Amino acid sequence: MQADDQEVLIRRVQSGDTEAFRQLYGSYKDQVYDYCRRLLNNAEDAEDAAQEAFVRIYQNISTLDHPASFRYWLYTIVRNEVFGRIRLRSGHQMESLRDDEERVWIDETPHDKSVRSETTELVRMMIGKLKPEYREVILLREYEGMSYVEIAAITGNTESSVKSRLFKARRALFEMLETIYGEKE
Amino acid sequence: MTCTEVQSWISNYVDDALEEEHVGPMFAHLGSCLDCQRFLQSTLKIRSSVNTDAKFAAPESLQVRVMKSVEGADYDSRRRVDMLSIRISIPLPAAMAMAVMLVIGSMVISPLFFERPPRVQFSENTIEQLPTSLRTQLKITRILLAE
């Protein structure tokens, strides 16, 4: 959707036009659902989170002063919904990242010897096993193509922190790929 | 310069976010370090895998749920506003009859609740003591009332 078209659509939604909101929903539904699905690793939870997020977007869109920043505002709302569920689900506490933080996997490293699948599925599985804070930056960078500045704005972190998390996530994925492909050989 | 440092540069480089002064040293190190070469390959492989990984499509049920919530909330808020501004339709002849009855009724009932205020009689002496303008107004009023 062109930026100007989107701005007109957003203004219509702000004036209570539900048909305009249906069109806006149509433009972002797959991105939002994909993000929820990859972070929550569960289709049912992802649908619940996406629904709540879109309803909140509709209810609060009148507070959006700059339609040009809609995409980042949308992701902030979706993120809050997703991480709220992650915290409720597992009691997972969002850890503040320290420079010496090394643990990037949810629990055990995903060293599944039975995985002989294509690299794409393997990479998807491995990314799904990263801790949410690390998974998120990989998703926003690799799947959504966002810049460090944009990721920092959405996640509420500094750009330096985003760089650090991305590096650590990539490093962890690299070591796991090395282990899996090393054993295959 | 350690491999960890170079690999962090590689991570920034693939995102077009590496400072210019680190690019040369990074490539110089890559020329002779197999570990860092494999890290670069792994990072690019992950990216290419992601690019070929289809996005999860939102299910149709999600749209139904979202629009139901949104339109339901919209309907509720409109209904609340309407309840505050209830309109009652009454035929015109009936409305006129009600208005006439209200006026007659108020004329009949009001003496039961309100005493007629006593007539105030001004003596001529009192009137002569008033300022000229007021005297003039009072005389005009008396004339009008007499008529």
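# A tour of helix packing and the A–B interface

Begin by selecting helix H2 of chain A, where A:Leu24, A:Tyr28, A:Gln31, A:Val32, A:Tyr35, A:Cys36, A:Leu39 and A:Leu40 are in contact (heavy atoms within 4.5 Å) with residues of H4(A), among them A:Phe70, A:Leu74, A:Val78, A:Phe83 and A:Arg89. Helices here are DSSP runs (H or I, at least four residues), numbered from the N terminus. This is a predicted model, in which local features need pLDDT of at least 70 and side-chain atom pairs count only at pLDDT 80 or more, while totals for chains, interfaces and linings use all residues. Residues are numbered from 1 along each chain as its sequence is written, chains are lettered from A in the order in which they are written, and side-chain values use heavy atoms, with hydrogens and water left out.

By class, this contact of H2(A) with H4(A) has 14 nonpolar, one polar and four charged residues, where Asp, Glu, Lys and Arg count as charged, Ala, Val, Leu, Ile, Met, Phe, Trp, Tyr, Cys and Pro as nonpolar, and the others, Gly among them, as polar.

Next, show chains A and B together: 37 residues of chain B are in contact with 39 residues of chain A. The area buried between them is about 3,800 Å², with 58% given by carbon and sulfur atoms; buried area is the accessible area (1.4 Å probe) that two parts lose on being put together, summed over both.

Now look for salt bridges (a side-chain nitrogen of Lys or Arg within 4 Å of a carboxyl oxygen of Asp or Glu), of which eleven are found across the interface of chain B and chain A. Select A:Arg38 and B:Asp53, whose side chains meet in one at 3.1 Å, N to O. On chain B, the elements giving two or more residues to the side that touches chain A are helix H1 (3-13), helix H3 (34-52) and helix H4 (60-84), and H3(B) gives the most, with eleven residues.

Finally, select A:Arg22 and B:Glu71, which form a salt bridge at 3.0 Å, N to O; A:Arg22 lies in helix H2 of chain A and B:Glu71 in helix H4 of chain B, so this pair joins two chains.
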